[in-house]
Amino acid sequence: MKFIVALAFLAVALAAPQGDKKPIEIISSNSEMNADGSYSFDFESADGTKVQESGNQKQVGPKPEDIGTVSKGSYSFTTPDGVVLTVNWVADENGFQATGDHLPTPPPMPEHVVKMLADLKAAGLL
């Protein structure tokens with residue numbers, strides 16, 4: 001049993017990052033928490049990574065107790081080949097939706113499907 005424990009500690013030690021990697025400095029950092037549940041924060045690091053987020057409480061359903069946090073934000077970072085990638089996102093009653101020029105997008109729905117969905121909605125079936 002002691003051998004297995006010692007072997008586990010050895011595996012963890014070998015899995016630890018090797019070398020003299022220095023921590024990345026945070027250039028700026030701001031955060032705000034309000035009594036009404038709204039918040040915001042942002043930070044930027046020395047390697048060009050930027051993050052910002054804000055949110056607030058919102059009624060997301062028909063009942064007064066259907067309260068949730070809706071948030072929006074963005075982050076950007078530089079890839080190893082020097083390309084800056086940015087993701088903008090919203091998280092609300094419709095789920096998490098991320099956009100970015102580098103993210104794949106679905107093809108448009110065929111016209112007959114759009115018409116069928118409109119007909120179903122008009123008939124009260126959706």
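Lys58 stands opposite Gly68 of strand S4. The two strands involved here are S3 (residues 50-59) and S4 (residues 67-78), which run antiparallel and are joined by ten bridges. Strands count as paired if DSSP finds at least two bridges between them. Strands of a sheet pair through backbone hydrogen bonds, either parallel or antiparallel.

This is a predicted model, in which local features need pLDDT of at least 70, side-chain atom pairs count only at pLDDT 80 or more, and totals for chains, interfaces and linings use all residues. Residues are numbered from 1 along each chain as its sequence is written, and side-chain values use heavy atoms, with hydrogens and water left out.

Now step back to the sheet. Six strands form it, in the order S1-S2-S3-S4-S5-S6. The sheet is open, and its pairing is antiparallel. Strand S1 (26-33) and strand S6 (95-99) are the edges, each pairing on one side only. From one strand to the next, the twist averages 10 degrees (axes are lines fitted to C-alpha atoms, and angles run from 0 to 180 degrees between N-to-C directions).

The chain holds two helices and six strands. These are DSSP runs, numbered from the N terminus: helices are H or I with at least four residues, strands E with at least two. Read from the N terminus, the order is α-β-β-β-β-β-β-α.

Contacts mean heavy atoms within 4.5 Å. Among those between residues at least 6 apart in sequence, 10% join residues at least 24 apart.
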